[in-house]
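Please read the following briefing beside the sequence and the model. The points are grouped by topic.

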Amino acid sequence: MSGAVTDTVDRITSRRDPRFEVTLYAYVGVEGAHTLDAYLERGGYDAARRALAMEPGEVVDLVKASGLRGRGGAGFPAGVKWSFMPPPDGRDRYVVCNADESEPGSCKDRYLMEDDPHQLIEGMMIAGHAIQATTGVIYVRGEYHHAYERLRAAMEEARARGILGRGVLGTDVDFDLILHRGAGAYICGEETALMNSFEGLRANPRLKPPFPAQAGVYGRPTTINNVTTLASVVHVVAKGADWFAAMGTDDSKGIHHAQVSGAVARPGVFEVPLGITYREIIHDLAGGPVGPAKAFIPGGTSCPLLPFDDAHLDLPMEYAAMANAGTMMGTGGVIVIPQDQCIVDAMYNVVRFYAHESCGKCTPCREGVATWLPKMYQKLLAGLGTPEDVDLIEDMVKNLRGTAFCPLADAAAWPVQKSLELFRDEYEYLAHHGTPMYPAKDRWSA
Amino acid sequence: MIELQTARPFFEDKPELLQEILGRYPDYGRRSALMPLLWEVQRAERYVSEARIAEIADILDLTATEVRGVMSFYSTYHGEPVGRYHLQVCATLSCKLAGADQLTDYLEDTLGLVPGETDAEGRFSLQKVECLGSCTTAPVLQVNDTYYERVGRADVDALLAAMKEDVLPEPARVRAGDNERYGPAAPAGEEDA
Ligand SMILES: Cc1cc2nc3c(=O)[nH]c(=O)nc-3n(C[C@H](O)[C@H](O)[C@H](O)COP(=O)(O)O)c2cc1C
Ligand code: FES
């Protein structure tokens with residue numbers, strides 16, 4: 001792609017690299033860092049000033065050159081998405097921030113919004129200028145009360161100082177934000193469902209095309225990005241596309257956040273250069289597994305599990321390597337599954353989540369994900385299953401793949417399919433014996 | 001549900017709040033105010049009654065059925081009052097691996113409630129919920145708007161004891177990983193500044 005930075009010889013792909021510096025998360029966990037004064041003191045809104053002095057198209061090109069891809073899960077190149085916006089035609093245009101963060105295993109956006117809300121606001125201003133939108137919408141999941149309050153306070157501070165509103169930062173550009181609260185529905189994270197929800201409708205996904213750039217919020221041209229994508233833009237503008245592209249791999253550039261949970265010694269959110277191995281994330285950053293582990297989920301529960309072995313731990317955190325391994329990098333939510341955890345029980349937990357969150361719009365998902373899949377698992381776990389039931393589950397998830405209206409059904413079906421591939425013995429043991437290979441145990445340590 | 005009292009309209013004495021909410025959205029997007037209006041009622045009254053549904057429908061020029069249709073899609077709005085302390089235990093995978101099943105059992109035993117129930121006093125409701133976006137500080141217990149992270153047995157005991165005295169303690173707001181922080185609790189009252 002023209003303008004893309006290629007052939008950087010020595011990219012940063014490890015936290016051990018002395019050139020790596022925590023950037024987006026530098027002020028997460030720091031008392032008092034969320035106020036406007038604190039933000040301005042550390043150079044806040046300088047990047048927005050710089051971006052506003054550029055032509056919108058230049059900002060788009062800069063983000064394209066950085067190689068930044070969407071951090072909401074799908075990994076679509078951010079600058080390319082921005083370039084899909086039609087030329088201004090007098091209608092209102094919107095930039096929307098997807099802050100619905102509900103993919104199990106993910107919590108990177110919440111800490112950013114709670115502890116550094118101005119970083120997100122600045123990212124939205126820059127994105128707004130790039131796509132020539134004068135209104136931004138932040139759709140925060142309803143449970144994130146603290147993040148909502150912090151953002152609301154930050155917006156008020158910014159308005160009071162002319163950072164949001166008419167003629168932002170003394171320019172002739174107008175930009176303001178609408179903060180909107182969700183109400184407990186995972187499907188609102190799907191971008192078109194989010195737009196319906198924002199409009200006060202039930203959050204069913206919309207048919208695409210038209211894509212949001214053509215007809216998004218209220219049918220107006222819209223660009224939607226994840227919180228972390230937008231926060232990354234601030235630093236791409238501040239430090240340059242080369243700085244960003246010097247981290248990661250050819251396929252996946254820049255920084256991401258490994259959110260490690262499950263059976264590890266030090267669960268937590270760690271900012272990492274892409275291309276880092278899962279071994280470094282799990283062993284070095286998160287302190288290694290507590291007891292033997294048998295699998296890990298690389299990017300949130302919609303990503304199929306990988307065996308906890310040397311070959312897979314040495315894989316780099318990047319979109320392509322994960323796709324080749326039959327899974328996804330997703331949101332970066334890494335969940336480590338201990339050896340003594342019944343995999344059928346663990347997968348039932350995942351299935352139950354997607355069953356609960358299915359919106360009921362399309363038949364494959366409503367009947368397959370929301371109804372029959374959990375029932376089959378309940379039968380197995382109650383000790384009433386047969387080996388044919390295991391085959392039936394496999395058959396069902398194969399039929400579900402790619403047949404539903406939106407990717408939610410795949411998010412349930414694909415991990416189930418992979419768990420059968422890797423741990424079929426556990427399913428069959430349960431079907432034969434009526435009891436799991438690994439009985440439930442008390443995991444509440446404290 | 002049968003409405004015995006003829007309720008005074010909720011927004012009657014809150015014109016500024018109503019205007020502020022309606023004013024957030026463009027004229028052509030008035031319906032966007034639906035969820036915020038439902039939220040205000042839910043938060044104040046711990047459920048959204050039929051009378052409130054009708055009132056909100058009136059404000060937005062919708063039918064009560066349209067409002068009910070949206071309300072029933074989301075898990076935050078309740079048709080029956082929840083307790084003053086609405087205990088929501090995350091039951092999803094990371095929390096399960098950190099003991100959410102046992103945490104739920106413990107709450108059930110201690111409160112004498114099963115998920116979905118409210119006690120006779122209307123003090124506690126217990127509910128199992130899905131991933132709260134706090135997986136690295138599992139297990140998580142949300143009480144009303146507040147997250148309590150990495151809760152152990154002693155934390156639960158202390159929390160329940162405080163709530164019996166009508167106190168909702170400040171949470172520790174754990175940060176795990178980069179810039180690890182396990183407390184102290186943020187100063188009280190900072191929240192709604
Ligand atoms: C079922 C479903 C749930 C999703 N949930 C989220 C979410 O919670 N947060 C998010 O940023 N993206 C989520 N996405 C992805 C969004 O649809 C969209 O791709 C993303 O917000 C685009 O931003 P990005 O390009 O910056 O990643 C979800 C997608 C699907 C299909
Ligand atoms: S699984 Fe409980 S907060 Fe994510």
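D101(B) counts as partly exposed at 32% relative accessibility, where buried means under 20% relative accessible area, exposed over 50%, and partly exposed in between (1.4 Å probe, protein chains only). The side chain of D101(B) meets that of K96(B) in a salt bridge at 2.9 Å, N to O, a salt bridge being a side-chain nitrogen of Lys or Arg within 4 Å of a carboxyl oxygen of Asp or Glu. K96(B), by contrast, counts as buried, at 7% relative accessibility.

This is a predicted model, in which local features need pLDDT of at least 70 and side-chain atom pairs count only at pLDDT 80 or more, while totals for chains, interfaces and linings use all residues. Residues are numbered from 1 along each chain as its sequence is written, chains are lettered from A and ligands numbered from 1 in the order in which they are written, and side-chain values use heavy atoms, with hydrogens and water left out.

**Salt bridges**

- Over all chains, a search of the whole structure finds 51 salt bridges, and the count between chain A and chain B is 7.
- K96(B) also forms a salt bridge with D345(A), the closest N and O atoms being 2.9 Å apart. Because D345(A) lies in helix 14 of chain A and K96(B) in helix 5 (residues 93–97) of chain B, this pair joins two chains; helices (H or I, at least four residues) and strands (E, at least two) are DSSP runs, numbered from the N terminus.
- Both D345(A) and K96(B) are buried.
- R175(B) and D115(A) meet through their side chains in a salt bridge of 2.6 Å, N to O. R175(B) lies in the segment after helix 7 (153–164) of chain B and D115(A) in helix 5 of chain A, so this pair too joins two chains.
- R175(B) and D115(A) are both buried.
- A salt bridge also pairs the side chains of D178(B) and R15(A), at 2.9 Å from N to O.
- Through salt bridges that share partners, R110(A), E114(A), D115(A), R150(A), E149(B) and R175(B) are joined into one network.

**The interface of chain A and chain B**

- In this model, 81 residues of chain A are in contact with 60 residues of chain B, contact meaning heavy atoms within 4.5 Å.
- The size of an interface is often given as the accessible area lost when the parts come together. Between chain A and chain B the buried area is about 5600 Å², of which carbon and sulfur atoms give 52%; this is the accessible area (1.4 Å probe) that two parts lose on being put together, summed over both.
- Across this interface, 37 residue pairs are in polar contact, both residues being at pLDDT 80 or more. A polar contact is a pair of N or O atoms within 3.5 Å; within protein, one must be able to donate a hydrogen and the other to accept it, and residues adjacent in sequence count only if both atoms are side-chain atoms.
- The elements that give two or more residues to the side of chain A that touches chain B include helix 5 (108–115), helix 7 (145–160), strand 3 (176–181) and helix 14 (343–357) of chain A. Helix 14 of chain A gives the most, with 8 residues.
- That side of chain A divides into 38 nonpolar, 21 polar and 22 charged residues, where Ala, Val, Leu, Ile, Met, Phe, Trp, Tyr, Cys and Pro count as nonpolar, Asp, Glu, Lys and Arg as charged, and the others, Gly among them, as polar.

**The fold of chain A**

- The secondary structure of chain A comes to 17 helices and 9 strands, and 63% of its 446 residues count as buried.
- The C-alpha trace of chain A spans about 75 × 50 × 45 Å along its principal axes.
- Among the contacts in chain A with a separation of 6 or more, 71% come from residues 24 or more positions apart.

**Backbone geometry**

- A cis peptide bond, with omega about 0°, joins P209(A) and P210(A), and P210(A) lies in the loop between helix 8 and strand 4 (222–226) of chain A.
- The peptide bond from A138(B) to P139(B) is likewise cis, with omega near -5°, and P139(B) is found in the loop between strand 2 (124–129) and strand 3 (140–143) of chain B.
- L169(A), although not a glycine, has a positive phi of about 50°; L169(A) is found in the loop between helix 7 and strand 3 of chain A and is buried, with a relative accessible area of 17%.
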